[in-house]
Amino acid sequence: MSIHAENTSYFSPQAGRQISVPAVSEARFAIGDVVRHRLFGFRGVVFDIDPVFANSEEWYESIPEDMRPPREQPFYHLLAENDESSYVAYVSQQNLAGDAEAGPVDHPSLHEMFDGFADGRYRLRRRLSH
């Protein structure tokens, strides 16, 4: 899926600054897709996509340097779960793999954004879609 940016920059509240973006960015996953983190194994549902890194410098610098992903790739906001809890995650494209075949995700906020799990993905609630 191509993400076409109308502007070449936008203000990110998480980053607290303007974010420069390419005119087109290639995203492997879409809103509603179920994914798994390649390194840490947690699963999640995509609920938003940034065409490039758009979080705070503190967040980025907190990642160990040898594991720090390049900024110039899509980053995904996930309703995530592991064996112990549910949370919101922000993950680079390089660290995600599709995981629809493993079935639905059990996150308490899913019902607020999505109608249900069908054909390996979640359908965005009609009132939230454009």
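Which side chains meet in a salt bridge at 3.6 Å, N to O? Those of Arg-68 and Glu-61. More on that pair below, with some other notes on this model.

1. Ground rules. This is a predicted model, where local features need pLDDT of at least 70, side-chain atom pairs count only at pLDDT 80 or more, and totals for chains, interfaces and linings use all residues. Residues are numbered from 1 along each chain as its sequence is written, and side-chain values use heavy atoms, with hydrogens and water left out.

2. Overall layout. The chain comes to two helices and 11 strands (DSSP runs numbered from the N terminus: helices are H or I with at least four residues, strands are E with at least two). Reading from the N terminus, the order is β-β-β-β-β-β-α-β-β-β-α-β-β. Of the 130 residues, 41% count as buried (under 20% relative accessible area; exposed is over 50% and partly exposed in between, with a 1.4 Å probe and protein chains only).

3. The open sheet. Five strands line up as E8-E7-E6-E5-E9, with antiparallel pairing (two strands pair if DSSP finds at least two bridges between them). At the edges sit E8 (86–92) and E9 (96–98), each pairing on one side only. From one strand to the next, the twist averages 45° (axes are lines fitted to C-alpha atoms, for helices over the stretch in contact, and angles run from 0 to 180 degrees between N-to-C directions).

4. Around E5. Strand E5 (residues 34–37) pairs with E6 (residues 43–50) over three antiparallel bridges, and Arg-36 stands opposite Arg-43 in E6. The two strands make a hairpin with five residues between them, and Gly-41 in the turn has a positive phi of about 75°. E5 also pairs with E9, again antiparallel and over three bridges; here His-37 stands opposite Leu-96.

5. Salt bridges at Arg-36. The structure holds eight salt bridges (a side-chain nitrogen of Lys or Arg within 4 Å of a carboxyl oxygen of Asp or Glu). In one of them, Asp-99 meets Arg-36 at 2.9 Å, N to O. That pair links distant parts of the chain, 63 residues apart: Asp-99 is in the loop between E9 and helix H2 (110–113), and Arg-36 is in E5. Asp-99 counts as buried because its relative accessibility is 7%, while Arg-36, at 31%, is partly exposed.

6. Arg-71 bridges to Glu-57, with the closest N and O atoms 2.8 Å apart. Since Arg-71 lies in the loop between H1 and E7 and Glu-57 in helix H1, the pair ties together parts 14 residues apart in sequence.

7. Ser-92 lies in strand E8 and is buried, at 3% relative accessible area. Its side chain makes a polar contact with that of Asn-95 at 3.0 Å (N or O atoms within 3.5 Å; within protein, one must be able to donate a hydrogen and the other to accept it, and residues adjacent in sequence count only if both atoms are side-chain atoms).
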